[in-house]
Structures are given as structure tokens and as C-alpha cells.
Amino acid sequence: MGLTLRSLLLAASATRAFASCAHGTFLRPRAENGTVEVGKFGYSGSIGPLNWAALDAPANAACATGTRQSPIDMVEGVFTVLQGSEIELTVNDMPEGAEFENLGTTVEVITQGGTLKVGEKQFELQQFHFHLPSEHLDAGKSQAMEMHMVFQSAGTQEIAVIGTYINIADQAAAPATPPAPPAAKRSLRSRITRRQEATPPPPLPATAATGATALLETLFSVVDQISTPGTKVKTPPLVMSEVVDVLKANAFQIYSGSLTTPPCSEGVNWHVSTARLGVTPASFTKVRDVIGFNSRYPQNTPGQPNILMLSALGSAAAAVAVAAAPAAAPAAAPAAAPAA
């Protein structure tokens with residue numbers, strides 16, 4: 001059975017600083033002296049996801065044994081849908097800018113107030129950070145990036161996360177103005193045009209990112225100033241209303257999962273938005289050069305055995321099979337060539 005948030009509270013207080021995706025919450029409080037904590041885990045080799053459980057045992061045990069781990073492939077049957085109009089979401093603008101930190105494992109914005117209310121549960125926004133590429137899959141498809149807005153509840157000590165995909169914005173130039181039609185066809189063309197104008201075209205799907213998101217462009221304009229882990233910078237003014245409006249105009253795919261970084265605590269309320277935010281190719285390149293690759297591989301369907309446990313069992317079975325197999329007979333010596 002996976003370890004829950006509550007069962008890890010005491011263990012987390014005694015572990016090394018992991019600067020996890022729960023950074024700034026009760027599970028991983030910020031350093032009191034304002035120091036930017038740099039993560040002790042990574043995404044490849046001996047500090048990568050395959051070995052997270054061993055980096056700090058038993059606190060990270062859920063990374064290898066939990067049965068409701070995140071991220072997952074968002075396919076039909078693993079989530080329920082909640083319309084944006086069914087939640088209450090507010091995020092304060094930051095007219096004086098915000099602290100933007102490089103944790104070594106991601107870049108993170110310390111927010112200045114915001115709430116998420118779902119039913120009778122209310123959560124307070126603590127920070128938002130980024131993964132590249134997206135951690136969740138959209139029906140098998142990876143997206144360019146993913147933003148995680150991390151909330152915590154005051155009374156019940158629960159974590160809620162809004163995950164939003166980020167795509168590369170469409171940079172195609174506007175179509176050129178067509179030449180004027182010949183005089184003989186102009187009256188017919190004008191009647192058709194008037195008829196088209198009387199019936200407005202259908203709107204684009206709400207999930208389509210038709211351009212770059214102003215918040216992300218503003219934020220990533222200074223990301224190169226925190227290219228070194230452990231550094232921070234003050235951002236320009238951040239207007240959060242655009243993103244909030246986009247989220248509330250779309251739907252959320254909801255499931256119970258885990259943190260996507262050590263200690264991989266379960267019981268996290270995931271709200272994966274059907275909306276899409278956008279960044280220009282230039283901004284994507286800038287943030288990629290700072291973040292690098294920082295996505296955990298997709299986990300098993302919630303409720304099914306942990307992938308690492310299945311892998312361990314499979315490896316053990318393979319080792320037993322190899323040991324039990326009869327030794328191969330030595331190869332026969334080649335026949336001597338006939339005498340000339």
C-alpha cells in the first residue's frame with residue numbers, strides 16, 4: 001500500500017532537502033533564511049526516478065511501492081471530468097513581481113495568494129513550477145511542457161495540483177490580403193461576403209492555444225538570469241487573470257495520485273486541465289536551456305501495482321529462469337581439413 005501524505009509528515013521533517021514539487025507546503029517547508037534549496041534527486045542515472053526510493057529510505061518508499069503514482073496517461077476511465085464553472089479559482093496578480101527560483105530540478109514562482117475551492121474543500125496556492133516535457137500524457141501524447149500550480153489545505157493537510165499543458169505557440173504569419181476580384185464578379189462576391197458576415201464563424205475550441213500566453217512570456221523573459229541552481233530573481237509584474245480565465249473556461253480531468261517527485265506521497269488531488277497555454281519557440285528554447293529534462297516517466301493505471309515492483313518481480317523471475325537453464329554444450333571443434 002502506498003504511503004500517504006499524513007504518514008510521511010514526520011519522516012519528511014527528518015529527510016534531506018529534496019526541493020520536491022511540494023516545495024513550500026507543509027510537506028516540504030521553505031528554508032527560513034530564504035536560501036534556495038537545490039534538489040538532491042534528478043532525472044537520469046543513479047539519482048533518477050528508477051532509484052528515487054533508495055535515495056532516502058524509507059521516506060521515498062512510495063516511489064517504488066505506491067499504487068496511485070503520478071504522472072499517468074490521461075485516458076478514458078482513469079479520471080472524472082469537472083467543468084471549470086464548478087470550481088472556484090482565484091489567483092492574485094503580482095504587480096510588484098514575484099520571486100522566481102531555480103531549484104536545480106525545476107524553476108518555481110512563489111505566489112502571493114490564491115485559492116482553489118472544490119466542493120467543500122478549499123486549498124491555498126503556494127507556488128507554481130514547470131516540467132519539460134509534460135509529465136502527464138494526453139491520451140498517449142506528450143506535450144512540450146506542463147505547469148503545476150500547487151495548493152495545500154490548512155485543516156486537513158491535503159495537497160491539490162492543477163496541471164496545465166503548454167504547447168509551442170503558432171507563429172504563422174497572418175494570411176496576405178487577397179487581390180480584388182474582377183469587376184464582373186465583384187457584386188456576387190460582395191453578396192456572399194455579406195451573407196458570411198451575417199453568420200459569425202464558429203469559435204475555436206477552448207483548448208487550442210492560438211498564441212503565446214502573456215504570463216509565460218513575461219516569466220520566461222528572465223529565466224536565463226537563474227540558469228544556475230540555487231539562484232533567484234525578481235520577475236516583472238505578473239498578471240495571473242489570463243491563465244485563470246482560460247482554466248475556468250475549460251474542464252478538469254480529476255484523479256487521486258501522488259507527487260511526481262520524491263517522496264512520491266500519495267493522496268494528491270490532481271486536476272489536469274483540458275486547456276492549453278502557449279510559449280513562443282524562443283521562450284521555449286530559453287527555459288529548456290535552464291530546466292533541461294525534468295519529467296518522471298508515466299506510472300501505472302491508478303490502483304494497479306507499481307511499475308518498479310512489477311519490474312523487480314520480472315527481473316527476479318528472469319534471473320531464476322537463467323540460473324535453472326541447463327548449461328549450453330561446448331561447441332564442437334571444427335573438423336580437420338582433408339589432406340591434399
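Me: Buried means under 20% relative accessible area. This model is predicted. By that rule, what makes Cys264 count as buried?

Reply: Cys264 has a relative accessible area of 0%. The limit is under 20%, so Cys264 with its 0% is called buried.

Me: Why is the link between Cys63 and Cys264 called a disulfide?

Reply: The cut-off is a pair of cysteine sulfur atoms within 2.5 Å. From S to S, Cys63 and Cys264 are 2.0 Å apart, so the pair passes. A disulfide is a covalent bond between the sulfur atoms of two cysteines. By this rule the protein has one disulfide.

Me: What makes this a link between distant parts of the chain?

Reply: Cys63 sits in helix H3 (residues 62-65), while Cys264 sits in the loop between strand S12 (251-258) and strand S13 (266-279). The two are 201 residues apart. The link is right-handed, with 90° about the S-S bond.

Me: What is known of Ser70, and why is it called buried?

Reply: Ser70 lies in the loop between H3 and strand S1 (73-74). Its relative accessibility is 0%, and the limit for buried is under 20%, so Ser70 counts as buried.

Me: How do you know that the side chains of Ser70 and Trp270 make a polar contact?

Reply: A polar contact needs N or O atoms within 3.5 Å. The Ser70 and Trp270 side chains are joined at 3.2 Å, so the distance meets the limit. Ser70 also touches other residues, among them Tyr255, Arg296 and Gln299.

Me: Where is His136, and what makes it buried?

Reply: His136 is in the loop between S7 and strand S8 (137-138). With 0% relative accessibility, His136 counts as buried, because the limit is under 20%. Its side chain makes a polar contact of 2.6 Å with the side chain of Tyr255. Residues in contact with His136 include Pro71, Glu146, Trp270 and Val272.

Me: Why is the pair of Lys232 and Glu99 called a salt bridge?

Reply: The rule asks for a side-chain nitrogen of Lys or Arg within 4 Å of a carboxyl oxygen of Asp or Glu. The closest N and O atoms of Lys232 and Glu99 are 3.7 Å apart, so the pair qualifies. Lys232 is in strand S11 (residues 232-234) and Glu99 in strand S4 (residues 99-102), so the bridge ties together parts that are 133 residues apart in sequence. The structure holds five salt bridges.

Me: What are the labels of Lys121 and Glu158, and what bridge do they form?

Reply: The side chains of Lys121 and Glu158 meet in a salt bridge of 3.1 Å, N to O. Lys121 belongs to strand S7 (residues 121-131) and Glu158 to the loop between strand S9 (145-152) and strand S10 (159-168), so the pair ties together parts that are 37 residues apart in sequence. Lys121, at 38%, is partly exposed. Glu158, at 16%, is buried, because buried means under 20%.

Me: How do you know that Lys286 and Asp224 form a salt bridge?

Reply: Their closest N and O atoms are 3.9 Å apart, and the limit is within 4 Å, so the pair counts. Lys286 lies in helix H7 and Asp224 in the loop between helix H5 (214-220) and S11, so parts that are 62 residues apart in sequence are tied together. Lys286 at 28% and Asp224 at 44% are partly exposed.

Me: How do you know that the buried residues of H7 line one face of the helix?

Reply: The buried residues of H7 (residues 281-291) are Ser283, Phe284, Val287, Val290 and Ile291. Seen down the axis of H7, they fall within an arc of 130°, so they line one face. The face turned away from the buried side carries the exposed residues Ala282 and Asp289. Gly292, with a positive phi near 70°, follows H7.

Me: How many helices and strands are there, and what share of the protein is buried?

Reply: The protein has eight helices and 13 strands. Of its 340 residues, 44% count as buried.

Conventions: Residues are numbered from 1 along each chain as its sequence is written. This is a predicted model: local features need pLDDT of at least 70, side-chain atom pairs count only at pLDDT 80 or more; totals for chains, interfaces and linings use all residues. Side-chain values use heavy atoms; hydrogens and water are left out. Helices (H or I, at least four residues) and strands (E, at least two) are DSSP runs, numbered from the N terminus. Buried means under 20% relative accessible area, exposed over 50%, partly exposed in between (1.4 Å probe, protein chains only). A polar contact is a pair of N or O atoms within 3.5 Å; within protein, one must be able to donate a hydrogen and the other to accept it, and residues adjacent in sequence count only if both atoms are side-chain atoms. Contact means heavy atoms within 4.5 Å. The arc is that of the directions from the helix axis to the C-beta atoms. Lists of a residue's contacts leave out its neighbours within four places in sequence.
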